[in-house]
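This briefing concerns the structure shown below. It takes up domain layout, helix packing and strand pairing in turn.

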Amino acid sequence: MAAEETIVSVAGGTGIGLVPLLRQVAPFAALFGLAALLPLTHNAYFGLVIGRAAVYWILVSGLNLVVGFAGQLALGWVALLTVGAYTTSVLAAGTALPAISPFLALGAAAAVGAVAGVVVGLPALRLRTFYFAMSTFGFATIVTQIALAWRSVTGGGIGVIGPVFGGPFGSTWGFYYFCLGGAVLATWLSGNVARSRFGRGLLAIRDAEVAAEASGVFKPGLLVLVFLFAGATAGVSGGLFASLQTYITPDAFTFDLSLLFFIAILIGGRGSILGPLLSTVLLTLLPEVAAPLVAWSTFLYAALLLVIVLAVPGGIANLLDFASRKPLETGRIIRPDVSALPVLLSGHAAERQLSFEGVTLAFGGVRAIDGLSFTVEPAAVHGLIGPNGSGKTTVLNVISGYYRPGEGSVRLGERELAPGAAHSRAAAGVGRTFQTPRIVGEASVLANVMIGGTTRGRGTFLEAVFSLPRHRREEAALRERALLALKAVGLEQLAQVRADRLQHSELRFLEIARALMPEPSLLLLDEPAAGLAPDEIALLGGLIIAISRAGVAVLLVEHHTDLVFGVCENITVLNLGRELTHGTPAEIVAHQDVIDAYLGS
Ligand code: ADP
Ligand code: MG
């Protein structure tokens, strides 16, 4: 299979074969292998610095999912380091409750951190980016103030002693290995999330939120899970940080530290794991190698960030993404293979009719849809045509649940499609494409299509975190299915390519592949032929007919009259949100009003 020998993109890599897997793991193995050899230098100072980098990375690995993958501006994440550090120290020192083992205390810090992560994260579900960034700062301030004020427990400004991990981890190098082990674990766990449907969902929320919802990604639920995870890693990181510091006071948790975590992700590259790992090490080392510059560390971070953002917008991950620099074959031809469709749509749920009944929707004074009714039969293609602004996309948005109609109802089969609840449409059997393709440019074509399979996943978040067997089986099946969908639309050979390298016409077919992933009963296509060459439009027509023959009801919004008249059984003509007429292509072509209002010449 052509896809096997091609390369795995840094973001959203989904390589499973042995060679791609080794290629993915190798840089991490090399990095951690080197770090494991560090004790041979007998240089305790190196141990301290690299140990600190490992501790920071444990936090950044989780935060990376929030910032780099989900695109949430969690600027004040140092708050969770503080929570973890104090939880571990206070429980181990016994200033509040009877002292417990530092290891247990570290576990408690993970739990408290997870809860605090959700508390800090909750505003993200409601607030837009910058307001959320500010709210994380607010939280950081509150935590510091509590640590200062609650003297009996935290020691206030005087501080509290950090936990001392005993046993094999009591020595300097023993503790070093403890932190290193934690960093390896954090890398593995966050990598598992990143490669799962949860990680793909995060990227989709970041870059194509509407498409994510239409694919069944439920943003609030997903974000809560990720905040739990990122909070837990930050809590553990805080406990280790406290031990590393030996003694903690509120001023150990500075704004600089928060900035370091955040900037490490941006410099490393959003949507990557290796990049942020490398830049976390780099940023921890930087003030050390240039010791006189310590006072300038914030300045250094900022300067480095500027340089990276200006010179390599995608960060270190982009620098390392050699695969995406190989030129793609030019003059590529999309070759849909409709023989894959019956298999792809074989488990098809009952064939269902779409009834759009008496729907009215107004935006302020504008009636975008005005008492419109039509039905789409299973295994039929229904055309929706009309001038720009006549309400076609709005009809699709009502069916997809983005808009609540003022009046009327939308049913698929027996079932009413509840107004709103866009994320429930994929499971209800509605797939769609968008007038402007909405994709995750930094993820592979395959990963983009797999996003469409979100609703097929049964494995829980925890199963994904620990890469348990059911999760791995589901991923393999999903991957197989996505390759089949790509074969059906003719993009199989591009499966491993970053989606932002595709041509516009290829993106249109990519969206169809994604929409077919959940085996929809109804497929909504919003101007799929826009920007396609005539021969591509012909291929698209064949593909649409084949999809409908597999039992899917297709609603086609389109301007290319050749395509519409060529593939539709029935057509509704819209004008100013109202039905101008409807009928078979032959009837429409002969209709004088349509000729006047729409077909023009
Ligand atoms: P079409 O897809 O047929 O070109 P649309 O459905 O996009 O048309 O738009 C129909 C009408 O509704 C237009 O007048 C448009 O300006 C208006 N409209 C669409 N979406 C919105 C919105 N979110 N807010 C306000 N007006 C809108
Ligand atoms: Mg439109």
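Into which domains is the chain divided? The model, which is predicted, has domain 1 covering residues 4-325 and domain 2 made up of residues 348-429 together with 519-601. The points below begin with these domains and then turn to helices and strands.

**Domain arrangement**

- The centres of domain 1 and domain 2, taken over C-alpha atoms, are separated by 47 Å.
- Seven residues from domain 1 and four residues from domain 2 make up the contact.

**Helix pair α13 and α15**

- Helix α13 spans residues 255-268 and helix α15 spans residues 297-311; the two pack with their axes 10 Å apart, at an angle of about 20 degrees.
- Angles under 35 degrees count as roughly parallel, and α13 and α15 are therefore roughly parallel to each other.
- The handedness of the crossing between α13 and α15 is left-handed.
- On the α13 side, the residues that meet α15 are D256, L259, L260, I263, L266 and I267.
- Their counterparts in α15 are S297, T298, Y301, L304, L305 and I308.
- Sorted by class, this contact of α13 with α15 comprises nine nonpolar residues, two polar residues and one charged residue.

**Four-stranded sheet**

- An open sheet is formed by four strands in the order β4-β3-β6-β7, with antiparallel pairing.
- Strand β3, residues 354-363, runs antiparallel to β4 and is joined to β4 by eight bridges.
- Within this pairing, T375 in β4 stands opposite S355.
- Helix α18 (residues 392-399) packs on the sheet, where α18 touches β3, β4 and β6 (407-412).
- The direction of α18 makes about 115 degrees with that of β3.

- Strands β11 (residues 570-575) and β12 (residues 578-583) pair over five bridges in the antiparallel sense.
- L574 has E579 in β12 as its bridge partner.
- Two residues lie between β11 and β12 in the hairpin that these strands form.
- In the turn, L576 has a positive phi of about 50 degrees.

Notes. Residues are numbered from 1 along each chain as its sequence is written. Chains are lettered from A and ligands numbered from 1 in the order in which they are written. This is a predicted model: local features need pLDDT of at least 70, side-chain atom pairs count only at pLDDT 80 or more; totals for chains, interfaces and linings use all residues. Side-chain values use heavy atoms; hydrogens and water are left out. Two strands pair if DSSP finds at least two bridges between them. Contact means heavy atoms within 4.5 Å. Axes are lines fitted to C-alpha atoms, for helices over the stretch in contact, and angles run from 0 to 180 degrees between N-to-C directions. Angles under 35 degrees count as roughly parallel, over 145 as roughly antiparallel, 65 to 115 as roughly perpendicular and the rest as oblique. A crossing is left-handed if the near helix is turned anticlockwise from the far one by less than a right angle, and right-handed if clockwise. Ala, Val, Leu, Ile, Met, Phe, Trp, Tyr, Cys and Pro count as nonpolar, Asp, Glu, Lys and Arg as charged, and the others, Gly among them, as polar. Domain bounds come from an automatic or database domain assignment.
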